[in-house]
Amino acid sequence: MENFLIQLKRFYMLLSTPALAVFALCYFAADEPLVLEQTRYYILIVIYILALVSVPVSSFIMRRAVNKCAGLSEQDQVATYNRAYRIRLFTLNIISYLCGPLYVLTLEKGCCYLFAIVTIVILLSYPTRSFVFTAQNRDND
């Protein structure tokens, strides 16, 4: 199980850390909007809808994986949880990576706020032993 957590932490860091650099680069490189005002709102609506759908869906996938892991062997738990965790991180990081270039296009503060919210959710998803086992124990009670 320790090797599994080490792999998840490595995956987490390799996928999530560059998002901060990408957003910072885009934030400081942007000086004026590249699209019309009406187009900016359409872009924001699309990214907000994407976030509103992907965050609960990825949470549902994680919860379902934790529920499935309750009666499985350790190797099956690792495979099930690994897949669900990677799906969650990919979906959250896709939104995070999109916020930077969309900020360059629109210069809307909404992209900054969405990036901050998604980054907080990603930070809360850091893979620790207590994160995995607390979720399993809470579901068993």
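These legends describe close-up views of a predicted model. Local features need pLDDT of at least 70 and side-chain atom pairs count only at pLDDT 80 or more, while totals for chains, interfaces and linings use all residues. Residues are numbered from 1 along each chain as its sequence is written, and side-chain values use heavy atoms, with hydrogens and water left out.

**View 1. Helix α1, residues 2-29.** Helices are DSSP runs of H or I with at least four residues, numbered from the N terminus. The expected span of a helix is 1.5 Å times one less than its number of residues. Buried residues of α1 include Phe4, Leu8, Phe11, Leu15, Ala19 and Cys26. Here buried means under 20% relative accessible area, exposed over 50%, and partly exposed in between (1.4 Å probe, protein chains only).

**View 2. The salt bridges of Arg40.** A salt bridge is a side-chain nitrogen of Lys or Arg within 4 Å of a carboxyl oxygen of Asp or Glu. By this rule the count comes to two. In one of them, Arg40 pairs with Glu37 at 4.0 Å, N to O. Arg40 and Glu37 are about one helical turn apart, because three residues separate their positions in helix α2. Arg40 is buried at 15% relative accessibility, whereas Glu37 is partly exposed at 47%. Arg40 also forms a salt bridge with Glu108, with 3.6 Å between the closest N and O atoms. This pair links distant parts of the chain, 68 residues apart: Glu108 is in the loop between α3 and α4 (109-124), and Arg40 is in helix α2. Glu108 is buried, at 16% relative accessibility. Through shared partners, Glu37, Arg40 and Glu108 join into one network.

**View 3. Thr106 in helix α3, residues 74-106.** Thr106 has a relative accessible area of 0%, so Thr106 counts as buried. Its side chain reaches the backbone oxygen of Leu102 at 2.8 Å. Leaving aside neighbours within four places in sequence, Thr106 is in contact (heavy atoms within 4.5 Å) with Pro33, Val35, Arg40, Ile43 and Cys111.

**View 4. A nonpolar surface patch that includes Val53.** Tyr42, Ile45, Ile49, Val53 and Val57 make this patch of about 480 Å². Patch residues have over 30% relative accessible area and no salt bridge; like charges are joined within 9 Å, and nonpolar side chains (Val, Leu, Ile, Met, Phe, Trp, Tyr) within 5 Å. Val53 lies in helix α2 (residues 37-69) and is partly exposed, with a relative accessible area of 49%.

Key
Helices (H or I, at least four residues) and strands (E, at least two) are DSSP runs, numbered from the N terminus. A polar contact is a pair of N or O atoms within 3.5 Å; within protein, one must be able to donate a hydrogen and the other to accept it, and residues adjacent in sequence count only if both atoms are side-chain atoms. Accessible areas come from the Shrake-Rupley method with a 1.4 Å probe; for residues, only the protein chains shown count as cover.
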